[in-house]
Amino acid sequence: SGRPSAALAAAIDAAFGSFYEMKKRFDQAAITRFGSGWAWLVVTADRKLAITSTANQDNPLMDVAGIERGTPVLGLDVWEHAYYLKYQNRRADYVTTWWNVVNWAEVSRRYEAALR
């Protein structure tokens with residue numbers, strides 16, 4: 001899955017203190033999303049990174065109360081259809097394993113595009 005670009009890694013450190021802390025917060029957003037939805041890493045209007053979670057088909061580009069608006073650069077589907085066949089009700093196991101397949105080159109490209 002690679003690593004974030006230098007620019008994205010620096011932004012992660014600035015926003016969350018470390019890559020580990022970003023992952024921890026992202027995991028928490030994914031695991032605690034009640035029912036179906038998504039966890040997101042977004043670039044906010046002030047060009048900073050934030051983590052948010054949305055229900056069902058909502059996303060951070062929408063004006064939805066209670067979520068951090070921004071341009072998504074990384075999203076994790078936590079609807080049961082995404083993981084139930086392999087993980088049953090073990091969403092946390094799915095989230096942990098999911099990090100092994102994140103395409104950091106693509107996430108970094110999306111981050112750079114969101115800053116333009």
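Rings of Phe, Tyr and Trp (for Trp, the six-membered ring) are taken to pair if their centres lie within 6.5 Å, with planes under 30 degrees apart counted as stacked, over 60 as edge-to-face and the rest as tilted. The structure is a predicted model, in which local features need pLDDT of at least 70 and side-chain atom pairs count only at pLDDT 80 or more, whereas totals for chains, interfaces and linings use all residues. Residues are numbered from 1 along each chain as its sequence is written, and side-chain values use heavy atoms, with hydrogens and water left out.

A search of the whole structure finds 7 aromatic pairs. One of them is edge-to-face, because the ring centres of Phe19 and Trp104 are 5.5 Å apart and the planes stand at 70°. This pair links distant parts of the chain, 85 residues apart, with Phe19 in helix α2 and Trp104 in helix α5 (residues 104-115); helices are DSSP runs of H or I of at least four residues, and strands runs of E of at least two, numbered from the N terminus. Trp104 also forms a stacked pair with Trp99, at 6.2 Å centre to centre and 10° between the planes. Phe19, Phe26, Trp98, Trp99 and Trp104 form one aromatic cluster.

With buried defined as under 20% relative accessible area, exposed as over 50% and partly exposed as in between (1.4 Å probe, protein chains only), Trp104 is buried at 2% and Trp99 is buried at 6%, while Phe19, at 31%, is partly exposed.

Arg33 is placed in the loop between α2 (19-31) and β1 (37-43).
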